[in-house]
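Hi everyone, thanks for coming. I'd like to walk you through one protein chain today, piece by piece, so please keep the picture open while I talk.

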Amino acid sequence: MAKINSQTCILGIESSCDDTSAAVYIDGNICSNVVASQKIHEEFGGVVPEWASRKHQQNIVPTVDAALRKAGCTIKDIDAIACTQGPGLMGSLLVGHSFAKGLALAAGIPYVNVDHIDAHVLAHFIDGNIPLLPFLCLLVSGGHTQLVVVDQNLDIEVLGKTIDDAAGEAFDKAGKMLNLSYPAGPIIDRNAKLGNPNAFVFNTPKVEAFNFSFSGLKTSILYFLQKETQKNKSFVQENINDLCASIQHTIVSYLLSRLEVAMIETGIKHIGIAGGVAANSQLRAELHTLATKYQATAYEPKFEYCTDNAAMIAFAGKLKLEQKKYGTFTDVCFTRK
Ligand code: KG4
Ligand code: ZN
């Protein structure tokens with residue numbers, strides 16, 4: 001079994017969606033974090049699951065190899081392998097999970113299953129400005145949107161979640177309507193810097209408790225664009241920056257209004273964001289404005305730990321190894337939490 005101390009060397013593998021990633025965590029440090037992105041989905045306006053799993057199969061060996069080389073080690077130095085068990089795309093998960101189990105079996109080392117969503121939140125605790133506990137975190141990715149509390153043991157309690165689309169999905173679907181390529185989140189972020197956030201007003205969804213909904217916003221954008229393009233065929237092209245700024249402003253204000261309610265109701269003064277949408281520049285900036293308003297402390301993860309990456313998997317795996325929560329070779333992947 002693994003030598004569980006500060007010298008433990010863990011290989012992390014992540015393949016839940018369209019990025020193949022491998023990372024090596026040694027002695028409390030991330031020594032490599034290699035991400036192979038799949039450009040193939042850009043033209044389809046979203047991830048094509050079958051293409052994603054085929055690309056993972058091509059990428060997994062070179063990505064793991066590159067992560068080991070960059071960390072200056074070989075598989076013989078690895079004490080344990082951590083991999084994403086889910087949620088994610090079934091075919092994509094199967095590639096990483098089967099590879100991780102096979103490699104662990106061949107190397108005679110244990111492996112641990114890591115929850116994709118928990119890993120996004122726990123990325124805050126890898127290094128840098130580590131949040132004080134309890135920590136209230138808004139998890140916003142392409143597939144999930146949740147409000148969670150991390151307690152003193154780093155256990156995660158879900159306070160609320162989206163009842164339909166995720167925040168990243170809202171960015172990506174809005175981008176598709178604006179003829180932007182996938183993933184549209186970073187493109188909307190870039191264009192929004194040049195636009196007026198108050199140029200257009202879109203409906204913000206109303207839901208109970210700490211939950212979220214984005215399907216009404218999507219419909220509101222769709223109907224608005226249909227109406228305007230009937231009058232002017234070039235409406236989207238002529239107003240792209242204002243449209244991006246207004247859509248981003250709507251999503252960010254909505255997300256932070258839910259975080260604000262949760263902060264008031266829980267009384268927690270350490271707040272943060274995690275997941276791919278946590279890379280958004282307006283969300284990162286306005287998180288700090290919100291914290292200042294309540295004399296709270298804001299934490300955002302390092303940019304490279306926002307979107308899918310194996311560093312967060314290796315780190316979350318380390319925490320599970322310390323608790324001796326090993327995986328078994330009959331473990332299966334899961335798609336939804
Ligand atoms: O966490 P992630 O890499 O994958 C999932 O677990 O789903 O998140 C991907 C999502 C995509 O929807 C992408 O558009 C969004 O994160 N994203 C952004 C930005 N960078 C990535 N959304 C808004 N602004 C960004 N800068
Ligand atoms: Zn993710």
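Let me begin with how the pieces get their names: helices (H or I, at least four residues) and strands (E, at least two) are DSSP runs, numbered from the N terminus.

Now a quick word on where everything comes from. This is a predicted model, where local features need pLDDT of at least 70 and side-chain atom pairs count only at pLDDT 80 or more, while totals for chains, interfaces and linings use all residues. Residues are numbered from 1 along each chain as its sequence is written, chains are lettered from A and ligands numbered from 1 in the order in which they are written, and side-chain values use heavy atoms, with hydrogens and water left out.

Back to Leu178. Is it buried or exposed? Buried means under 20% relative accessible area, exposed over 50%, and partly exposed in between, using a 1.4 Å probe and protein chains only. Leu178 has a relative accessible area of 3%, so it counts as buried. Which residues does it touch? Contact here means heavy atoms within 4.5 Å. Not counting residues up to four places away in sequence, Leu178 touches Leu225, Val236, Ile240, Leu243, Cys244 and Ile247. For a sense of scale, the C-alpha atoms of Leu178 and Lys318 are separated by 42 Å, and the two residues are 140 apart along the chain.

Next, please find H5, residues 185-192. Six of its eight residues are buried, so H5 is largely enclosed by the rest of the structure. Those six are Gly185, Ile187, Ile188, Asp189, Asn191 and Ala192. The cover over them includes H4, H8 and H9.

H8 covers residues 240-266 and H9 covers 281-293, and their axes come within 10 Å and cross at roughly 35°. The axes are lines fitted to C-alpha atoms, for helices over the stretch in contact, and angles run from 0 to 180 degrees between N-to-C directions. The crossing is right-handed; a crossing gets that name if the near helix is turned clockwise from the far one by less than a right angle, and is left-handed if anticlockwise.

Who meets whom there? On the H8 side we have Gln248, His249, Val252, Leu255, Leu256, Leu259, Glu260 and Met263, and on the H9 side Gln282, Leu283, Glu286, Leu287, Leu290 and Lys293. Those residues divide into eight nonpolar, three polar and three charged. For that tally, Ala, Val, Leu, Ile, Met, Phe, Trp, Tyr, Cys and Pro count as nonpolar, Asp, Glu, Lys and Arg as charged, and the others, Gly among them, as polar.

Let's zoom in on Val252, in H8. It is buried, with a relative accessible area of 1%. Leaving aside neighbours within four places in sequence, Val252 is in contact with Asn280, Gln282, Leu283 and Glu286.

Now H9 itself. Its buried residues are Gln282, Leu283, Arg284, Leu287, Leu290 and Ala291. Besides H8, what covers them includes strand S6, H5, strand S9 and strand S10. At the start of H9, a side-chain oxygen of Asn280 reaches to within 3.1 Å of the backbone nitrogen of Gln282. Just after the helix, Gln295 takes a positive phi of about 50°.

That leads to some backbone details. Most residues other than glycine have a negative phi, and most peptide bonds are trans. Where else is phi positive? Ala209, in the loop between H5 and H6, has a phi near 50°, and at 54% relative accessibility it counts as exposed. Lys324, in the segment after H10, has a phi near 60°, and it counts as exposed too, at 56%.

As for cis peptide bonds, one joins Gly86 and Pro87, with omega about -5°, and Pro87 sits in the loop between S4 and H2. Another runs from Tyr182 to Pro183, with omega near -5°, and Pro183 lies in the loop between H4 and H5.

One last stop: Ser53, in H1. Ser53 is buried, at 11% relative accessible area, and beyond its neighbours within four places in sequence it is in contact with Gly91, Ser92 and Val95.

Note on methods:
Polar contact = N/O pair within 3.5 Å; in protein donor to acceptor, adjacent residues only side chain to side chain.
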